[in-house]
Each structure stands twice: as structure tokens, then as C-alpha cells.
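Subject: Structure handover and findings

Hello,

I am passing a structure over to you. Please open it first, then read the notes below.

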Amino acid sequence: MSKRLFAAVAAAILVAIPGVVTADPPSGSPSFEAGRLDLYVIETTPEIATAMRTEGYDIVSETLDGETVIIEVVMSPSEANKARKAYDLDISLRRNQEGQTTAEAAFEEVENGFEVWRTWGGPGGLRDEMEFLADQYDDLTELITIGQSVQGEDIYAMRVTEKADTKQRGSRPAVLNISAQHAREWISPEVNLRLMKHYLENYGTDDRITDILDTTEIWFVIVYNPDGYDWTFTEGNRLWRKNLADNNGDGQITGVDGVDLNRNFATNWGQDNEGSSDNPISQTYRGPSPQSEPETQAFE
């Protein structure tokens, strides 16, 4: 991996430092089991890579080198050990030119002043800013709760259009911008929020933006997965990508838990099981089917 690509990966999966950015689990939620996640590299066969992907391993890159495939997988140390034994693999931590793992490099970046990232539900977080903007631009915005997360957190959508307080929803062509379906993608809420603010701050002074909001309604869901997003701000869980559904009902959040919201829409639901769970060993959970009860599949 090039130094530039490594930096990009590290920036995308910044590891939170205790005391710098923290988020408490939602009240009433199950207890949480921290397991340090990092980026591992494996050289194997295409067949094993396909089997691992099908079983739900969190493979983030795949490069074919002749008859060998090089995959990069987000795992905890215990998951790496299980994979090593199950597939007889040579697994190593991905390191940059300074010898740092991806988690270590990201940890250092946070320590050196990366403070732009904010939680959803904490004081001064993204939820508070959405509420502030809705109040500040009440003539252009309508803040709506579109549902609740599995932990009971409100999921906000902001409708932005001219005369939002009186104009009927759906009376104009609409565009939807969603971010943070995958919990660990911190950059996406920041980009989405700044785009929304750009529209709000420039309406009435920028002719193009004014025309867009006069004729269109733009919807912003800044954090689609608030439980998982805030969970990535807790120690050791920066690379978590799913929600916090307690799939096996044991009262703890571990690698077998959570649903990948980005891969569980009604259209073609259950077509395959690729990437829908971080649990590569014991079970895979695909989320609630539109037609059936949640499905749990055991692997032999």
C-alpha cells in the first residue's frame, strides 16, 4: 500500500483516544465488550477470499496478484486468531512506512489535533447542530424525526426548501442526501452537514442556490446510524460499521452483533449474505426481512 493510500485509510478510520472524544452507550442498552479493531493483510487464494467474504468478514480491499489474492480485513485480535486457525492463514497487521498499524497511525493523528469529528448525541454534537440550524433557519428548514434506532435514538431528517414551514412536502422535486449508514465513515456526516449549511447560508445571496431551493426540496439525513456512529467514538471500536442490534440477545455487543444498514434494504433482500455481518465464525445476521422474521444462519 502506498504512503498516500495508507494515509487515506488511516484518516477514514481514526481511532478515538480516551479523554479526547468519548461517547457513552445509550441508557438501557446492553453492556458493551470492547475489542480493538485494526487492519490486517492476508495473502491467500481467490477461493478462500470468496469464502471469507461470503461468511461475513469485513474485507475492505482485494487485489489480485497472479494466482494470489491480497485482502485487507478489519478484525479484532481474537477474530484474526480464529481466522488464522480456521483457514490456516498467514495474517499480519498492515503497517505504514513508520511501522505503525492503521489504528496506531490514526490514534496519533487524533492525538496531534484532529478535533473536527463530533459524536451524534453528545453535548455540542451533530444532533445539537441540526436542532440549532432548524431554529436559526426556520423559514428554510423542517426538522423531522423519521424513526428510531434500535437503541431508541431519534433519527433526524432536515427538509430544506423555500418556505419549508408552509410548503407542502412533496410539492417540489426532491433530492435525498444520507450519510453515516456505515458507522465508521466519519467523513460522510461532516461533508453532508457542510453541504446543508452551504445551502442555508447562501440562500438569498447566491442566485443559483436561491433558484434551487425555490424550486426543489433537499433532504439531509446527517447520521442514519446514530447508535453505531456514537459507538465508534468509544475506545477500541473505531472501525465498527453496523448498528447495535443485539442479535443473539446475550446483553452484550460483540462481533456477532449488529446489522449493516447499507446492505439490508427491502429490494433484493437476502439475495446474498456478503458483508452483512462482522461475525465470521459463529453466525451471520442479515436483519429483518420485509416478509419474514430475522434469520440466523450457523456455519459448520
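What follows is a summary of the fold, sheet by sheet and helix by helix.

This is a predicted model: local features need pLDDT of at least 70, side-chain atom pairs count only at pLDDT 80 or more, and totals for chains, interfaces and linings use all residues. Residues are numbered from 1 along each chain as its sequence is written, and side-chain values use heavy atoms, with hydrogens and water left out.

**Overview**

The chain has eight helices and twelve strands. These are DSSP runs, numbered from the N terminus: helices are H or I with at least four residues, strands are E with at least two. Of the 300 residues, 49% count as buried. Buried means under 20% relative accessible area, exposed over 50%, and partly exposed in between, with a 1.4 Å probe and protein chains only. Among contacts with a separation of 6 or more, 63% join residues 24 or more positions apart. Contact means heavy atoms within 4.5 Å.

**Antiparallel sheet**

Two strands pair if DSSP finds at least two bridges between them. Angles run from 0 to 180 degrees between N-to-C directions, and axes are lines fitted to C-alpha atoms, for helices over the stretch in contact.

Now the pairs. β2 and β5 share three bridges in the antiparallel sense. Tyr-40 has Leu-93 of β5 as its bridge partner.

β2 and β4 pair antiparallel over seven bridges. Ile-42 stands opposite Ile-71 in β4. Seven bridges also join β3 (residues 58–65) to β4, again antiparallel. Asp-65 is bridged to Thr-68 of β4. The hairpin of β3 and β4 has two residues between the strands, and Gly-66 there takes a positive phi near 65 degrees. Six of the eight residues of β4 are buried, so this strand is largely enclosed by the rest of the structure.

Val-41 lies in β2 (residues 38–44). Val-41 is buried, at a relative accessible area of 13%. Leu-93 is 52 residues from Val-41 in sequence, yet 6.0 Å away in space, C-alpha to C-alpha. Leaving out residues up to four places away in sequence, Val-41 touches Ile-70, Ile-71, Glu-72, Asp-90, Ile-91, Ser-92 and Arg-94.

**Helix α3**

Which residues of α3 (residues 77–87) are buried? They are Glu-79, Ala-80, Ala-83 and Tyr-87. They cover an arc of only 100 degrees around the axis, which puts them on the same side of α3. The arc is that of the directions from the helix axis to the C-beta atoms. The buried residues of α3 pack against β2, α2 (46–54), β4 (68–75) and β5 (91–93). Just after α3, Asp-88 takes a positive phi of about 55 degrees.

**Mixed sheet**

A further open sheet has four strands in the order β6-β7-β9-β8, with mixed pairing. Its edge strands are β6 and β8 (174–178), each pairing on one side only. Neighbouring strands are turned by 20 degrees against each other on average, direction ignored. α6 packs on this sheet and touches β6, β7, β8 and β9 (217–221). The direction of α6 makes about 150 degrees with that of β9.

β6 (residues 141–148) and β7 (residues 154–160) pair antiparallel over seven bridges. Leu-143 is bridged to Met-158 of β7, and Gly-147 to Ile-155. β6 and β7 form a hairpin with five residues between them. Gly-152 in the turn has a positive phi of about 85 degrees.

**Helices α5 and α6**

α5 (residues 126–136) packs against α6 (residues 187–202) at an angle of about 10 degrees, with the axes 12 Å apart. The two helices are therefore roughly parallel, a label for angles under 35 degrees; over 145 is roughly antiparallel, 65 to 115 roughly perpendicular, and the rest oblique. α5 contributes Leu-126, Glu-129 and Leu-133 to the contact, and α6 contributes Pro-189, Leu-193, Met-196, Lys-197 and Leu-200.

Best regards
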